[in-house]
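Hi everyone, thanks for making time.

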Amino acid sequence: MEVGICKQDVLQKKKNAVLVDGVILNGPIMDSKAGEKFVEEACKIIMEEVIQKANDVTEKVCEWRSPETLKKILDLEMRDTGESHQKLLQLCQDVIQYSVKTSHPRFFNQLYAGIDYYSLVARFITEALNPSVYTYEVSPVFLLVEETVIKKMIEFIGWEEGDGIFNPGGSVSNMYAMNLARYKFCPEIKEKGLSGLPRLVLFTSEECHYSMKKAASFLGIGTENVYFIKTDERGKMIPEELEKQVQRARKEGSAPFLVCATAGTTVLGAFDPLDEIADICEKHGLWLHVDASWGGSALISRKHCRLLHGIHRADSVAWNPHKMLLAGIQCCALLVKDNSGLLKKCYSAKAAYLFQQDKFYDVSYDTGDKSIQCSRRPDAFKFWLMWKALGTTGLEERVNRTLALARYLVEEIKKREGFQLLLEPEYANICFWYIPPSLRKMEDGPEFWQKLHEVAPIIKERMMKKGSMMLGYQPHRGKVNFFRQVVISPQVSREDMDFLLDEIELLAKDL
């Protein structure tokens with residue numbers, strides 16, 4: 001009864017009010033003024049607690065709490081009635097406080113880090129505009145930006161022409177490439193499916209990204225049909241082993257169609273010998289995809305682009321500017337040498353409600369049919385605005401400084417007792433053990449390595465709970481747990497490299 005009276009009161013107050021199914025349709029439902037005020041106050045919190053503290057080494061990288069404790073702090077429950085703006089602002093504060101500060105100079109945990117202010121502003125703009133990049137009519141600026149960025153990236157690969165599309169992650173780019181190579185090998189698969197195909201086989205290194213296995217599973221190729229090629233002691237694919245495996249597959253009656261080389265492996269930072277692999281691909285008529293998600297940014301540097309020598313011979317390349325170039329997650333491109341519309345032929349579904357051919361403008365700018373997605377974020381814009389701000393020379397400086405800092409850290413590790421490199425790095429991945437005082441005089445053998453295996457997890461727990469830094473560790477190919485330090489952020493300095501080694505010694509002094 002009370003509800004009915006309230007609605008009558010509202011109707012009396014609203015002139016010419018219209019009621020349909022008990023819902024008043026006059027005027028907006030949202031309080032715009034209150035919403036604008038909330039955005040303004042939330043942005044102030046972001047500015048003060050994230051951006052202004054991004055390079056403050058006195059701040060914690062992580063305010064560690066257990067999952068059960070954090071659930072209580074955050075009040076995650078959603079209720080029938082909305083919370084007050086003050087409560088929501090406090091939640092924003094809490095989310096920032098208990099999240100990992102990936103922009104902190106001492107966040108070394110992943111293959112992304114740091115903050116680029118121009119990229120960040122680009123992200124604010126696209127979040128506010130909320131575009132979807134599939135047709136020119138709804139996303140004119142961002143489609144032109146993506147076209148421009150892709151063209152420039154293609155130049156750095158060394159192709160005279162090409163095509164491409166930005167995707168949500170390097171894993172998706174690798175899946176796109178695998179599917180594209182399969183379509184090129186047997187175009188009838190798009191309509192007829194898998195049933196009439198021979199046993200398709202692809203080749204990649206033992207050190208490849210795990211997304212290759214996932215893509216083979218997702219696409220119905222099967223993980224057993226991924227032939228993992230042996231690598232040398234540095235983690236590089238051995239071309240002679242690739243040749244052997246291709247010949248083996250043919251003798252088995254299988255149909256090889258793809259080789260995936262890696263330019264910058266996840267753990268060791270290894271670069272496969274692309275020229276030699278390309279020779280084998282040409283000989284056997286195989287599509288060559290290069291997963292340069294991590295290492296692709298070295299192409300920007302005239303000094304370090306030699307790491308990817310031969311990449312111009314690839315048929316497709318995955319390259320993630322959100323890693324070393326700091327374009328902000330996610331910013332990942334799949335670039336394709338073929339410029340005949342292969343991407344569109346492979347992925348198009350010709351949705352008539354989106355891709356009408358009788359529009360009043362040039363429909364070639366409606367690029368959404370090149371994607372397996374419908375809605376797609378304007379990720380290229382982040383890279384574009386940052387590139388406009390810094391210029392190619394500024395991006396090159398980032399790469400050169402990163403690798404110089406990595407070299408500095410390597411030399412410091414060699415000087416310090418208790419630190420031992422796994423191998424001389426050629427990129428920004430520095431892999432090393434820390435041998436605590438109690439193990440330094442112990443005889444080399446199974447017991448020593450078992451005890452050393454337990455050291456890195458203890459140090460990691462201590463650094464996380466202290467909040468002083470974040471550094472990843474892992475076992476790898478028979479080697480016990482070791483640290484993998486990755487230098488990316490332009491906020492990182494020589495002092496941070498020294499701190500990293502000092503802090504490990506401090507955290508492990510009683511081990």
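**A walk through the model**

Let me start with a pair of strands: strand E3 (residues 107-108) and strand E13 run parallel and are joined by 2 bridges. Phe107 has Met470 as its bridge partner in E13. When I say that strands pair, I mean that DSSP finds at least two bridges between them.

Before going on, some housekeeping. This is a predicted model, where local features need pLDDT of at least 70 and side-chain atom pairs count only at pLDDT 80 or more, while totals for chains, interfaces and linings use all residues. Residues are numbered from 1 along each chain as its sequence is written, and side-chain values use heavy atoms, with hydrogens and water left out.

Back to E13, then. Buried here is under 20% relative accessible area, exposed is over 50%, and partly exposed is in between, with a 1.4 Å probe and protein chains only. E13 also pairs with strand E14 (residues 479-486), this time antiparallel, over 4 bridges. His476 sits opposite Lys479 in E14. The hairpin of these two strands has 2 residues between them, and there Arg477 takes a positive phi near 45 degrees.

Now for a sheet. What is the strand order in the open sheet of 7 strands? Reading across, the order is E4-E10-E9-E8-E7-E5-E6, and the pairing is mixed. At the edges are strand E4 (163-167) and strand E6 (226-229), each of which pairs on one side only. On average, neighbouring strands in this sheet are turned by 20 degrees against each other, direction ignored. E4 and E10 run antiparallel, joined by 5 bridges, and Asp163 stands opposite Val336 in E10.

H10 lies across strand E5 (200-205), E6 and E7, at about 155 degrees to E6. H11 lies across E7 and E8, at about 155 degrees to E8. Those angles, on a scale from 0 to 180 degrees, are between N-to-C directions of axes, which are lines fitted to C-alpha atoms, for helices over the stretch in contact.

Let's stay with H11. Which residues of helix H11 (residues 274-284) are buried? They are Leu274, Ile277, Ala278, Ile280, Cys281 and His284. They are on the same side of H11 because they cover an arc of only 160 degrees around the axis; that arc is taken from the directions from the helix axis to the C-beta atoms. In general, an α-helix has 3.6 residues a turn, so residues three or four places apart point the same way. The buried residues of H11 pack against helix H10 (239-251), strand E7 (255-262) and strand E8 (287-292), and contact means heavy atoms within 4.5 Å. The face turned away from the buried side carries the exposed Glu282 and Lys283. After H11 comes Gly285, with a positive phi near 65 degrees.

Next, a loop with an annotation. His322 is in the loop between strand E9 (316-319) and strand E10 (332-336), and Lys323 is in the loop between E9 and E10 too. What does UniProt list for Lys323? An unreviewed entry gives "modified residue: N6-(pyridoxal phosphate)lysine"; such positions use the numbering used here, feature names are shortened, and annotations may be inferred rather than shown by experiment. In the model, Lys323 is buried at 13% relative accessible area. Leaving aside neighbours within four places in sequence, Lys323 is in contact with Leu111, Ser293, Trp294 and Ile488.

His322 is buried as well, at 8%. The side chain of His322 reaches the backbone nitrogen of Cys331 at 3.1 Å. Polar contacts like this are pairs of N or O atoms within 3.5 Å; within protein, one must be able to donate a hydrogen and the other to accept it, and residues adjacent in sequence count only if both atoms are side-chain atoms.

Last stop: Lys359, in the loop between helix H12 (342-347) and helix H13 (380-415). Is Lys359 buried or exposed? Buried, with a relative accessible area of 16%. The side chain of Lys359 makes a polar contact of 2.7 Å with the side chain of Asp366, and a polar atom of that lysine side chain lies 2.8 Å from the backbone oxygen of Leu354.
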